[in-house]
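Dear colleague,

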Amino acid sequence: MTQQSTSLLVGLLAGVSAALLLVSAGYTSGLSFLMFATAALPILIAGLGWSNLASIVAVATAMAIVGLATTPEAALVTAVTTLAPAAWIAHLSNLGRPAEELGGPEGAVAWYPLSDILLSISSVVCTGLFAVGLAMGYGEDFIGELVDMFVEALKLNNAEYQPTATGIAEMKRFFLFALPAIQAAIWVLILLAGWYVASAIVRLSGRSRRPKDDLPTQLRMPSMGAVGLGAGVVLSFVPGVAALVGWTIIGAFGIGFVAAGFAIAHKRTRGKPARGLLLWMAYLSTVVFTLPLGFFLFLGLFDTARTLTVTGGPGPGPDSNP
């Protein structure tokens, strides 16, 4: 079987797997979120371990199946938020160029920086959510209906819960801006975690061209990420749709700097006797109190290095950028 035929077959299988996860996630169950979150894995594995053709075929196959099983609109939403971003991330991960072009050793390969991959994840998440929000007509009316449904559900479970009109109005305003930021942050983490898991699976299979990245030293947001975050903060003060765009950018780029901050914490605690306890306390505190996220955000902002992964080898792979 030729390499192209293998890529087509792998792409078809990956697309079917991703579609099954996405369609199954549409049925209410405790595993719905998990299945939706892991739908990017087959696409990532196909792209990282085989070729761009495999990931493109996987995206097209998954879209076709989801469109037939549900609606064309659902297929487009999953494509712009999950499938296409996964294929793009896999493509970037396989990009490499001769290291000597960058002042490195002759015969070695310099791979696409992990920091730029993280920046790209934040960017594609923003783009996807912008498109979905525009198509869905996200705004005050949409959030108003959503909050009203939420309040009614709370009343059914607790008859004593009777919020005032002012309280409901404040809740609607909070969710109007908080929802885009939270959704963007969660989706960046999902794609980053999917990339990490898929990379590990492909390395174990022996098909990975890219070596293992050292996340504590390489997981950083580049300086362009700070520019994007600053733009999001500025837009958040502009009334109307611009504020919604700004909060989406804040969520996507802000969580990138938070992830970089945690990576720095991992690096600085290496070799420390109480490293495990310190890291667990850091993660637990952010889950329980949320406020420590600000500390890790600023920690990530103060280190925007772009570290390359360089390996010896005959040269870049077939999907590389010479």
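The largest cavity is lined by 15 residues, and W195, S199, R203, R210 and P211 lie nearest its centre. A cavity here is a set of points, on a 1 Å grid over the protein atoms alone, where a 1.4 Å probe fits but cannot get out, and lining residues have an atom within 4 Å of a point. This is a predicted model, in which local features need pLDDT of at least 70 and side-chain atom pairs count only at pLDDT 80 or more, while totals for chains, interfaces and linings use all residues. Residues are numbered from 1 along each chain as its sequence is written, and side-chain values use heavy atoms, with hydrogens and water left out.

About 120 Å³ of space lies in the largest cavity, and the structure holds 1 cavity of 30 Å³ or more. Volumes are the space filled by probe spheres set on the grid points, which are joined across faces, edges and corners. Helix α8 supplies the largest share of the cavity lining, 5 residues. By class, that lining divides into 6 nonpolar, 4 polar and 5 charged residues. Ala, Val, Leu, Ile, Met, Phe, Trp, Tyr, Cys and Pro count as nonpolar, Asp, Glu, Lys and Arg as charged, and the others, Gly among them, as polar.

There are also pockets, each an open set of points with protein on both sides within 12 Å along at least five of seven lines. The largest pocket holds about 1100 Å³ of space. Its lining has 35 residues, of which L189, G254, I255, V258 and L293 are the closest to its centre. Two or more lining residues come from each of α8 (165-205), α9 (215-218), α10 (223-236), α11, α12 (275-289) and α13 (292-301); helices are DSSP runs of H or I, at least four residues long, numbered from the N terminus. The largest share, 12 residues, belongs to α8. This lining has 29 nonpolar, 6 polar and no charged residues.

The second largest pocket holds about 900 Å³. Of its 35 lining residues, L129, G133, Y138, P180 and Q183 are the closest to the centre. Here too α8 gives the most, with 8 residues. The lining comprises 25 nonpolar, 8 polar and 2 charged residues.

T248 belongs to helix α11 (residues 241-268). At 6% relative accessibility T248 counts as buried (under 20% relative accessible area, with exposed over 50% and partly exposed in between; 1.4 Å probe, protein chains only). Leaving aside neighbours within four places in sequence, T248 is in contact (heavy atoms within 4.5 Å) with C126, L129, F130, P180 and A184.

The structure holds 6 aromatic pairs, counted where ring centres of Phe, Tyr or Trp (its six-membered ring) lie within 6.5 Å; planes under 30 degrees apart are stacked, over 60 edge-to-face and the rest tilted. The rings of F262 and Y283 are stacked, because their centres lie 4.6 Å apart and their planes at 5°. F262 lies in helix α11 and Y283 in helix α12, so this pair ties together parts 21 residues apart in sequence. F262 is buried at 8% relative accessibility, whereas Y283 is partly exposed at 35%. Ring pairs link F262, Y283, F295 and F296 into a cluster.

Finally, the unreviewed UniProt entry places the feature "transmembrane region" at residues 6-27, 39-68, 117-139, 174-198, 219-238, 244-265 and 277-302; such annotations may be inferred rather than shown by experiment. Residues 6-27 are 91% helix and 0% strand, with end C-alpha atoms 33 Å apart.

With kind regards
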